[in-house]
Amino acid sequence: MTARRPGSAPGLRWPLTAVLVTGPSMSPTLRHGDAVLVRRGGRAVRPGDLVVAVFRSRPELLVVKRAVRTSDGGWWLRGDNGLVTDDSRAYGVADVRGRVVARYWPRPRLFGRRQV
């Protein structure tokens with residue numbers, strides 16, 4: 001599942017940033033068209049967190065995935081939809097840019113950590 005900020009390069013510039021979700025890889029947790037708030041900084045990322053990240057092998061692609069474990073100074077990420085494999089299984093280790101803290105549209109919801 002990719003994420004995008006209209007009119008900007010991959011990355012997050014503000015402590016709290018709105019991101020639009022595209023694609024099916026995080027279904028059913030997040031769906032295509034969901035709008036989420038992403039926080040840079042704050043508490044450290046833990047396994048089970050929803051994160052926005054950049055794969056080292058695809059630095060132009062900003063993605064929304066679930067953090068699984070640390071690996072080689074970065075994170076191993078997986079999508080919640082087991083039928084879609086556009087995650088660390090295909091692209092390797094990723095560098096986390098921020099944590100998804102809430103979906104604000106269309107169905108508001110706060111996100112905590114889920115066991116992986």
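The model is predicted, so local features need pLDDT of at least 70, side-chain atom pairs count only at pLDDT 80 or more, and totals for chains, interfaces and linings use all residues. Residues are numbered from 1 along each chain as its sequence is written, and side-chain values use heavy atoms, with hydrogens and water left out.

Start with the fold. Along the sequence the order is β-β-β-β-β-β-α-β-β.

Next, burial. Of the 116 residues in the protein, 45% are buried. Buried means under 20% relative accessible area, exposed means over 50%, and partly exposed lies in between (1.4 Å probe, protein chains only). The accessible surface of the protein is about 6000 Å², and carbon and sulfur atoms hold 54% of that surface. Areas come from the Shrake-Rupley method with a 1.4 Å probe; for residues, only the protein chains shown count as cover.

Contacts reach along the chain. A contact means heavy atoms within 4.5 Å. Among contacts with a separation of 6 or more, 53% join residues 24 or more positions apart.

Now the charged side chains. The count is nine salt bridges. Each needs a side-chain nitrogen of Lys or Arg within 4 Å of a carboxyl oxygen of Asp or Glu. One of them joins Asp34 and Arg107, with the closest N and O atoms 3.6 Å apart. Asp34 sits in the loop between β2 and β3, and Arg107 in the loop between β7 (94-105) and β8 (109-110), so the bridge ties together parts 73 residues apart in sequence. Asp34 counts as buried because its relative accessibility is 2%. Arg107 has a relative accessible area of 34%, so Arg107 is partly exposed.

What does Lys65 meet in a salt bridge? The partner is Asp86, at 3.0 Å from N to O. Lys65 lies in β5 (residues 58-71) and Asp86 in the loop between β6 (74-78) and α1, so this pair ties together parts 21 residues apart in sequence. Lys65 is buried, because its relative accessible area is 0%. Asp86 has 26%, so Asp86 is partly exposed. The second case is Arg66 with Asp80, where the closest N and O atoms are 2.8 Å apart. Arg66 is in β5, Asp80 is in the loop between β6 and α1, and 14 residues separate the two. Both Arg66 and Asp80 are buried.

Lys65 has another partner. A polar contact of 2.7 Å joins its side chain to that of Ser25. Such a contact is a pair of N or O atoms within 3.5 Å; within protein, one must be able to donate a hydrogen and the other to accept it, and residues adjacent in sequence count only if both atoms are side-chain atoms. Ser25 is in the loop between β2 (16-22) and β3 (35-39). Ser25 is buried, because its relative accessibility is 1%.

Last, the rings. There is one aromatic pair. It is Phe55 with Tyr91, tilted, at 5.3 Å centre to centre and 45° between the planes. Phe55 is in strand β4 (residues 50-55) and Tyr91 in helix α1 (residues 88-91), 36 residues apart. Rings of Phe, Tyr and Trp (its six-membered ring) pair if their centres lie within 6.5 Å; planes under 30 degrees apart are stacked, over 60 edge-to-face, and the rest tilted. Phe55 counts as buried because its relative accessibility is 0%. Tyr91 has a relative accessible area of 25%, so Tyr91 is partly exposed.

Technical notes. Helix = DSSP H or I, 4+ residues; strand = E, 2+ residues; numbered from the N terminus.
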